[in-house]
Amino acid sequence: MHCKNRIHLTIVILVAALVGPFMVSDAKGSEEMVEYIVKTSGSVSRIQGLPGQRLRFVAPGASIASTTPEYIVVKIQKSSEAEWVSGMSKVAGVESVEPNYPVQISDSPSALNDPLVSNQAHLFPPTIMAALQVVPIRVVKVAVVDTGVDHTHPDLASQMAVNSAETINSSDDDRNGFIDDRYGYSFYGYSAGRGGSDTRDVHGHGTHVAGVIAAAANNGVFGVGINPSARIIPVPFMDSTGRGTQFDGAAAIKYAVDMGAEIINCSWGYYIYSGVLADAVEYAKSRGVLVVAAAGNDGSTITQFPASFSSAISVGSCGINGTRSSFSNRNSEVDVLAYGDSILSTLPSGQYGRMTGTSQATGVVVGVLSRLLSAMPTRSMTVEQITGMARLQTNEPSVIDARQYIAAFTITTADVAVAMATPIEPSVPPVQILSTVSTTLSKVMNFPNPVRTASTKFGFSASTAGRTKIRIFDLGGRCVKTIESPTSQGDNVVSWDLMGDNGQLSGNGTYLYNVELTSDSGMAKSRGKLTVLR
Amino acid sequence: MRRLGGSVIIALMLLESTTVAGPLLRQASVKWHSVGVSAVSEPTGVESMGVNPAGLVAQGQQFISGYSSHFQNAYTTGIAGTSFSLGQSMTIGVIGALRRIDDIPETVSVGSSGVQVGSFADTELSAKVGFGLRLNPNWSVGVALGGYNHAITSETGSQWTFDLGTQYVINGFKLGVSVQNVNQGAVQWTTGHSDQTTMEVNAGISKDWGGITTMVSASQENSDIACNIAAIIEVWEHLVIMGGVQDVFDQWSGGVGINLSLDTTSLLYSYGQSTDLGETHKIGVEFAL
């Protein structure tokens, strides 16, 4: 994003002020009315002293609802809102004009009837609690470009965005180029001529992120998402191992934009710049759609894309205490840190479970931003303005459009910024694809490969400290070597001198190996192929 | 593998094993995958050259073909072979197996880390020509001459092998002994490197208990001994189920197979499960000529 080097990002939460001026119907019930507060520069009597017809001239049908020594609450017809505000602002003695927003008891998570809410620790820090007080007034579509979403999950079934212009009939009813994309569209294998309407989750990652954003509230089951008013467009492009291609990812982003997503969640990435992906993110930006992406889970400083594109928000992870998670990538492109440790959310087949990573932190940010957008009466913001909500303070008073609603009625809470945007200290290397669970292995490879020297090294990145067992098998399935070692969080390297457990040097050929990480929080396993060629 | 020392179940001469041509034919075999080395006393047909060439003579003329996906598709193998009878007591056969491993990551060291820069393939080809002779109704012998080629990137390695085997029936028990890679040749690589190989000796005994044949075998690799057990159950005259466990005392792995015979054609399927590496599936077909 712009101002990437802005280290302290200030999140502005628009509590009740964001919901728009208090709207009522007049006695006849035919015209929607809104209330505005007029602040005078002197005493109300000066304004009250104005001829009554003056108010009516400015806004036909306007009436004074109440007065205090300094303020007048005026009820006007919504249809004449803009004209009235403009005219009233010019009245001598009027210092400001602002909407009279409704106030209601906030949705404290603990007040919900979803039984697992109390276990969703990421909802309770003051920063998120503040966001949860924002009252959504409209649906915001959020695209989860990932591994798919379990549409049938009890906490997500009601949260899916349905393309009502499309029916499942093997034809492209809405003529958008995608057949039967009623519940999103799968771009997995799109570059190879595949893709399709089956957007069910093949991994679990996408369902988890979707739940962080928008799991249903007050339905009496499981937990809750940060913005239950959001509706999810599932746009999978990765397979059951959490891998996809940048081309397919770019196509998925473009599709999400065209299908009306206002925010796109990209809890994935790769460390090599991609032009096609950059074009897709720019396309989103040009349509006022925000791309929020995970910074990566390698605990390094290498950048990852799409997170590091200037038009995307790059999200790192922090714990509930606001300190950066050790696995979270850290570099000057990271815009914000959010909670990503052991997040409890939805999993396929009606399950709930914990995952850890910048993927989950990205979901948290998307949840907060979409909740803020849900409080906007209209969708008329640029990407800069959306991101501005999350980080900028502004005091410019105005009341006409959504952009200025934010400006005029934000309530700055520095506390919000503390956990959502903590300082990022720059330094350190490597990266790869994400996809996280509590105990994960990434970047598993042996190098060099083929092994032309007397030894090779196994490199891997562990999400948590533990113990690793590397077992090497010949192609008959016999284990020829077992290497066990303590493992630290982050990057690890284990050497092998090509000697088998029987003391014999391994011959030329290919071997299979398993890397198994065991920690207090679980077990992760990865496998690979190693070739000796001396 | 557990060292059994002198308390071996079967007191047969056991030598060392190797890891080249013989294992590839055996790993690619559909028919004998599930029973593995246990088939040393039992194999019949052209695929017997992967375990004991003496089994060639028992089947006569046939053609076989099979395809396998090993360990959750970590690699694939294909096998094809044919045999012809020369009179009542002699059979010659030829068989070839191919193993292909794709998408092996090509990585380089960058500082203390590794970076993938591409991928490459590993291809192995093993072929054998064998001859089986029935000396009398209870005793048969066989020999096989094999060639082995292994290609990794632009480098290749090759080797010649020579195998011997015999099967003998006594009091209803079948005894089998095979010695593969008798010549103990080295795999010579174009890199200049050579991998010395050793003989592979398999010995076993089996008996048909009236529709159920049980088999037990042992093999030796260096000073370690592996024991294998298997059974073949004739469920119906056209349907046979096979199952076995390899290296039962240590790194055991199991497999089951099914053989459906229809006139001169047999359809085969075999399934194996490794606790560490996952599933193996094999399909094959046999034609009696």
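**Figure 1. A pairing between two strands of chain A.** In strand 21 of chain A, A:Leu512 is the bridge partner of A:Phe473. The model shown here and in the following figures is a predicted one. Strand 18 and strand 21 of chain A are joined by 7 bridges and run antiparallel. Both strands belong to an open sheet of 4 strands, with the order 19-18-21-22 in chain A and antiparallel pairing. The edges of this sheet are strand 19 (479-487) and strand 22 of chain A, each of which pairs on one side only. On average, neighbouring strands of the sheet are turned by 15 degrees against each other, direction ignored. In a regular strand, side chains alternate between the two faces of the sheet.

**Figure 2. The contact between chain A and chain B.** In this view, 31 residues of chain A are in contact with 33 residues of chain B. Five strands of chain A each supply at least two residues of the side that touches chain B: strand 16 (441-447), strand 18 (466-473), strand 20 (490-496), strand 21 (509-519) and strand 22 (522-532). The most is given by strand 21 of chain A, with 4 residues. Sorted by class, the side of chain A that touches chain B has 12 nonpolar, 13 polar and 6 charged residues.

Figure 3. The largest nonpolar core holds 91 residues, and A:Ile232, A:Ile264 and A:Val292 have the most contacts inside it. Helix 8 of chain A, residues 358-374, gives the most to this core, with 8 residues. Once neighbours within four places in sequence are left aside, the contacts of A:Val292 include A:Ile263, A:Ile264, A:Ala312, A:Ile313, A:Thr362, A:Val365 and A:Leu369. Another core, of 24 residues, lies apart from the largest one; among its members are A:Leu441, A:Phe447, A:Phe460 and A:Tyr513.

**Figure 4. The buried face of helix 3 in chain A.** Helix 3 of chain A covers residues 81-89, and its buried residues are A:Trp84, A:Val85 and A:Met88. Seen down the axis of helix 3 of chain A, these buried residues fall within an arc of 100 degrees, and therefore they line one face of the helix.

**Figure 5. Two cis peptide bonds in one loop of chain A.** The peptide bond that joins A:Phe447 and A:Pro448 is cis, with omega about -5 degrees. A:Pro448 is found in the loop between strand 16 and strand 17 (456-462) of chain A. A cis peptide bond also leads from A:Asn449 to A:Pro450, where omega is near 5 degrees. A:Pro450 too has its place in the loop between strand 16 and strand 17 of chain A. For orientation, most peptide bonds are trans, and most residues other than glycine have a negative phi.

**Figure 6. Two residues of chain A with positive phi.** A:Lys443 is not a glycine, yet its phi is positive, at about 55 degrees. This residue, A:Lys443, lies in strand 16 of chain A. A:Lys443 is buried because 23 other C-beta atoms lie within 10 Å, and the cut-off for a buried residue is 20 or more. A:Asp180, likewise a residue other than glycine, has a positive phi near 60 degrees. The place of A:Asp180 is the loop between strand 7 (140-144) and helix 5 (205-214) of chain A. A:Asp180 counts as partly exposed because it has 18 C-beta neighbours inside 10 Å.

**Figure 7. The surroundings of A:Gly350.** A:Gly350 sits in the loop between strand 13 (343-347) and strand 14 (351-355) of chain A. With 15 C-beta neighbours inside 10 Å, A:Gly350 counts as partly exposed. Leaving aside neighbours within four places in sequence, A:Gly350 is in contact with A:His153 and A:Pro154. Between A:Gly350 and A:Asp155 there are 8.1 Å in space, C-alpha to C-alpha, although the two are 195 residues apart in sequence.

**Figure 8. A covered strand of chain B.** Strand 10 of chain B, residues 200-208, is mostly covered, as 7 of its 9 residues are buried. Strand 7 of chain B (residues 173-180) is joined to strand 10 of chain B by 8 bridges, and the two run antiparallel. Within this pairing, B:Asn202 in strand 10 of chain B is the bridge partner of B:Ser178. Chain B has 2 helices and 16 strands, and 46% of its 289 residues count as buried.

Conventions: Residues numbered from 1 in each chain as written. Chains lettered and ligands numbered in written order. Predicted model: local features only at pLDDT ≥ 70, side-chain atom pairs only at ≥ 80, totals over all residues. Contact = placed C-beta atoms within 7 Å. Nonpolar A, V, L, I, M, F, W, Y, C, P; charged D, E, K, R; others polar. Core = buried A, V, L, I, M, F, W, Y, C linked by C-beta atoms within 7 Å. Buried ≥ 20, exposed ≤ 12 C-beta atoms within 10 Å, placed from the backbone. Arc of directions from axis to C-beta. Pairing = 2+ DSSP bridges. Axes fitted to C-alpha atoms, helices over the stretch in contact; angles between N-to-C directions.
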